[in-house]
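Hello,

Here is the structure I promised to pass on. Please open it first, then read the notes below.

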Amino acid sequence: MKKLFLIFLLLPFIGTAQVKGTHFEHGLSWQQVKEKAKKENKYLLVDCFTTWCGPCKYMASTIFPQEKVGEFFNKNFVNVKVQFDQTKNDSEEVKSWYADAQSMSKEFRINAYPTFLIFSPQGKLVHRIVGGGEADEFIARAQMALNPETQYYTLMKKSESGNVAPETLKQLAISAEAAYDEENSAKFANAYIATQKDLYTKENLEFLSRYTKSSKSKGFELMLNHPEKIDAVLGKGKSNEILSAVVLEESIYPGLRKPNANIDSLVAAAKSKYPTVDISKPVDLIKIQIFQSEKKWDKFQPAVLSYMKKYGTEVRADMLNSFAWTVFENCKDANCITEALSWSKRSVDETQSKEPAYLDTYANLLYKLGKKDQAIAMQQKAVDLVTAENKTQYQVTLEKMKKGK
């Protein structure tokens, strides 16, 4: 009897432990979910996801189960997940939402995942979040949905009446960007800038930098004609960084998507149109990627060595590892492999030896250069760190190294 009594005492605590994360409704229809939100006077969060979406899986496995995330969303929202693709393994519950998912996709223009639609307790769409994020950031983005002053669709409705305050235009540009509504984001950003008497304040230049995504924008015009004034406020080279991104997007990338594209011709045309914009750094990287994709290793090797000589100090750990691994797999020159080893070591050091993939690259390069003992020690570290699903392939490499293969 004592054991039974103790079990009953523990039941309330067991129940509490089960709802620490975010609670999502099950077994309810779209109409019933809306009725529940209205009855409880809560906002309604619709998690629009697909089975193939990596960020969707991350939100489901890592973010929504967190206690602080659950506390926020369970308190303020009725939450429901809606699957937007269809697979042969779908449950009956998922299938029951097929029609509603298709209707939502068309009505609310869902074209990126995850997308989170937020409705008022009365069932009116008030906000939209596109993309996931870490817990605190995601909570902050969802918090905006609870305030009419920051709700995207509420602000959009206000803007239709005209005479919109500058700060509202600014917030609309930011909200539109977060909702992946690029057309409206640009429109509101330009409208806000038009209200500003002094465009060269730090605040306005930072805003311009954020929304200069077209050669037709006010920011592009200012940075092209007065780069020194912008750089004096935002830092040396900032105007060229922004201008070059626009030039690449409009003059280089579209051409590269065409058959028989010629990078040198595209670059020449871009330089002719914008002679003061320096696009050499991104173009050098594009050429490396082209040589890599076309497996032109005789051109890849000098190109990557030249790039690292000029810009190596600015290269991030992930790119260092990528360059180093490509060299390991495809280049035979000992000097090039030695250079790649130094890049690989940097990637390992910069991530404090906590990335098994980077350790694996470093170990393989060490082994290729004949440093067997060091390679084995490094590969063992990679094996110890790697996840269970990838451990086998790392272990196979380790065994080959030990056997001298």
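**Helix, sheet and cores**

Helix α4 (residues 67-76) lies across β1 and β2, at about 105 degrees to β2. Please keep in mind that this is a predicted model.

Now the sheet. It is open and has 4 strands, in the order β2-β1-β3-β4. The pairing is mixed. β2 (77-83) and β4 (125-130) are the edge strands, and each pairs on one side only. From one strand to the next, the twist averages 20 degrees.

Strand β1 (residues 43-49) and strand β3 (residues 115-119) run antiparallel, joined by 5 bridges. Take leucine 45: its bridge partner in β3 is isoleucine 118.

Next, the cysteines. The structure holds 1 disulfide. It joins cysteine 53 to cysteine 56, with 2.3 Å from S to S. The link between cysteine 53 and cysteine 56 is right-handed, with 85 degrees about the S-S bond. Cysteine 53 is buried, at a relative accessible area of 3%. Cysteine 56 is buried too, at 6%.

Cysteine 48 is buried, with a relative accessible area of 0%.

Cysteine 331 is buried, at 3% relative accessible area.

On to the cores. The largest nonpolar core has 38 residues. Tyr307, Phe323, Val327 and Trp343 have the most contacts inside it. Several helices each supply at least two residues of this core, among them α16 (280-293), α17 (297-311), α18 (317-330) and α19 (334-350). Others on that list include α20 (356-368), α21 (372-385) and α22 (388-403).

What does tyrosine 307 touch, leaving aside its neighbours within four places in sequence? It is in contact with Lys281, Asp284, Leu285, Ile288, Gly312, Val315 and Phe323.

There is also a second, separate core of 37 residues. Ala173, Ala179, Leu222 and Tyr274 are among its members.

One last residue. Lysine 170 lies in helix α9 (residues 166-178). Is lysine 170 buried or exposed? It counts as buried, because its relative accessibility is 13% and the cut-off is under 20%. Beyond its neighbours within four places in sequence, lysine 170 is in contact with Tyr192, Glu203 and Phe207.

Best wishes

Technical notes
Residues numbered from 1 in each chain as written. Predicted model: local features only at pLDDT ≥ 70, side-chain atom pairs only at ≥ 80, totals over all residues. Heavy atoms only, no water. Core = buried A, V, L, I, M, F, W, Y, C linked by side-chain atoms within 4.5 Å. Buried < 20%, exposed > 50% of the residue type's maximum accessible area, 1.4 Å probe, protein only. Contact = heavy atoms within 4.5 Å. Pairing = 2+ DSSP bridges. Axes fitted to C-alpha atoms, helices over the stretch in contact; angles between N-to-C directions. Disulfide = S-S within 2.5 Å.
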